[in-house]
Structures are given as C-alpha cells and as structure tokens.
Amino acid sequence: MLSASGAPLIAIGGERLTAAINPLGAELTSLKDADGRELMTDADPAFWTGHAPILFPIVGRLNGDVLRLDGREYAMKQHGFARRQMFEVVAQDAASATFRLIANDETRASYPFDFVLDIGFAITGATLEIAVTIANRGVAPMPASFGFHPAFACPLPYGEPRADHRIAFADDEPGPIKRLADGLIAGDRPSPLDGRTLHLTDALFSDDALIWDSLRSRSVSYSAPSGPSLRIAFPDTPYLGVWTKPGARFVCIEPWHGHADPVGFTGDFRDKPGIFTVAPGSQRQCAMAITLQR
C-alpha cells in the first residue's frame, strides 16, 4: 500500500480492525473494520488532504507564526513540523508499529532542542491504541505541546446520513468554549452542547474549530443514532478540538495538550498557555485509543 506521495504505508491489524500508517509524519492514514469499511477521511482535496497529522512541538498557530524563546525568534508554521518529517520505523509486527523522529538540523532551526518523539500504534481486538513518548536528550528544560488530529469519516460507513451524526461527551461540559479568529484564541463562545451531545451541523464550524479548554471528559463517542460508534479516549490530554469544513466528509476529534496563541500574545514560548516542560533526561507520555463499538 502506497501513500499519495508514493511512499509505502505500514500496515498493521487484527481480526476486527486494520490500520495503515504513513512514515511521513507517522500519520494514521486508514482505519478499517473487519469488513473493510473505511472509518477515516476520504481526504478529498476540495476540503482537506490530511488524515491524522501529529501536532508537535506546537498545537495550533503561533502569533505571527513566530516562536519566541529566550530572547530569540524562530519561524514555526501551524501545528509544528512533525507532520512534515519522515519518521523511522523502529519496531513492527503484525499488530503494532513504532515510529521515531529524532531532532535534526532542520528541526533545530525552528526548535532548538534535542528531542526524541516516538509514536506507537497497536491494535488489540476492536481498539487502536496510540502511545506517544516525548523525550528530552538535551541539557535544558524543553517546553512543548502535543496534539492528535484524526479525521473520521462523516458519515460513517453504516448507512446513516451525515446530518444525523453526533459526538457524545462522557461528562457534563457546561462551557463556555474558546473561539478562534485568524487561527488564534480570541475569547469565549457559549457551549454548543445539547446536554452532553454535540449535533454536527455545518453552521457550527463557520468560525473554524470548536475548542474545549476546561475539559472534564476523558472520552467521547462518535456515531449516528443507530449503528456502530467510535469511542475516542484521551486519558491525559486536557483540551479537545472538534473541526470540519461545511460539506466535507470528515470530522476531526482532536485531543490536545496545548492550543493556539491567544490574540496578541508575544510572550516567551515557555509562558504560552498549554505548554508542558520536559526536564533534561526525562520524558512525557500521552495516549489516545479508538474503539469500534457495535
């Protein structure tokens, strides 16, 4: 199996799920059920060609696309550089694979830290687990953010119309949520939830993504009223983004540890809201699990 760029994808699977991952960006590109039905985006270029980019070392956009650190400025595009880097496959068997990105001259030009980023994928039964380890091999404390960005098929391939799809949160989320302006955090907006349910309508996304920054839930369920659902669990990421484009055949459910700069933010990257710090010789871990529930 080849990616759009012609690079071979890494296939893993079991009896109930199969997945394919692109070493470019360690990007989950396909997730299929036992009958071969695709659960991920069709990546229609009329809307968005991404599948599930890895967001590192930032989530969202920086003010002016500039990372300000210790009195210096570095150019950094939205969501960081990991999604455009080739990862090495460091472990693989029939049901799992691990991808690794090590700091190099290109990454140090925009992010001056010696990191190792491991992304592990493993299928057990009807669950795909994604385990992330961010290690600091340098001598200075390393500030960073990390995010998942999976785009699921909307509608799911089980016969229900797109307009009937919804996301149910595990816990009450009274809000408010954050709104974006030109990709930056620009204040609050009322919660769009009906109880714990987000009914997916195009009008919700006229101003870009929905962002929960005071998240109580550690999982959501995505489905139509009948048929199978996807449970997305994120035990250690405190923010959640939900995004699509009007008319697109995908919805992104994005567990994040971090988010875009607030409008007008010009402070040091270490002081940016949502940043965590990895001490020298230490590591940070986070995970996401996608379960097909019938």
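**Entry 1: strand S8**

I began with strand S8, residues 115-124. How many of the 10 residues of S8 are buried? I found eight, so S8 is largely enclosed by the rest of the structure. For this I took buried as under 20% relative accessible area. I note that this is a predicted model.

**Entry 2: neighbours of S8**

Next I looked up the pairing. Strand S7, residues 96-102, is joined to S8 by seven bridges. S7 and S8 run antiparallel.

Then I turned to strand S9, residues 127-136. How many bridges join S8 to S9? I read 10, and these strands too are antiparallel. Here I noted isoleucine 123, which stands opposite leucine 128 in S9.

I kept one general point in mind for reading strands. Side chains in a regular strand alternate between the two faces of the sheet.

**Entry 3: the turn**

I followed the chain from S8 into S9. The two strands form a hairpin, with two residues between them. Which residue in the turn has a positive phi? I found glycine 125, at about 60°.

**Entry 4: proline 8**

I moved to the segment before strand S1 (10-13), where proline 8 lies. Is proline 8 buried or exposed? Its relative accessibility is 51%. The cut-off for exposed is over 50%, so I count proline 8 as exposed.

I also checked proline 8 against asparagine 22. They are 14 residues apart along the chain. Their C-alpha atoms are separated by 7.2 Å.

**Entry 5: the whole protein**

Last, I stepped back to the overall figures. The C-alpha atoms fill a box of roughly 55 × 45 × 35 Å along the principal axes.

What radius of gyration does the protein have? I noted 18 Å. A compact globule of 294 residues would have a value near 19 Å, so the two agree.

Of the 294 residues, 54% count as buried. I then looked at contacts between residues at least 6 apart in sequence. Of these, 62% join residues at least 24 apart.

The accessible surface comes to about 12,100 Å². Carbon and sulfur atoms hold 49% of that surface.

I finished with charge. I have 27 positive and 34 negative side chains in my notes. How far apart do the centres of the two sets lie? I wrote down 1 Å.

Notes:
Residues numbered from 1 in each chain as written. Predicted model: local features only at pLDDT ≥ 70, side-chain atom pairs only at ≥ 80, totals over all residues. Heavy atoms only, no water. Rg over C-alpha atoms; globule rule 2.2 N^0.38 Å. Buried < 20%, exposed > 50% of the residue type's maximum accessible area, 1.4 Å probe, protein only. Contact = heavy atoms within 4.5 Å. Areas by Shrake-Rupley, 256 points an atom, 1.4 Å probe, with all protein chains shown as cover. Lys, Arg positive; Asp, Glu negative; His and termini not counted. Charge placed at Lys NZ, Arg CZ, Asp CG, Glu CD. Helix = DSSP H or I, 4+ residues; strand = E, 2+ residues; numbered from the N terminus. Pairing = 2+ DSSP bridges.
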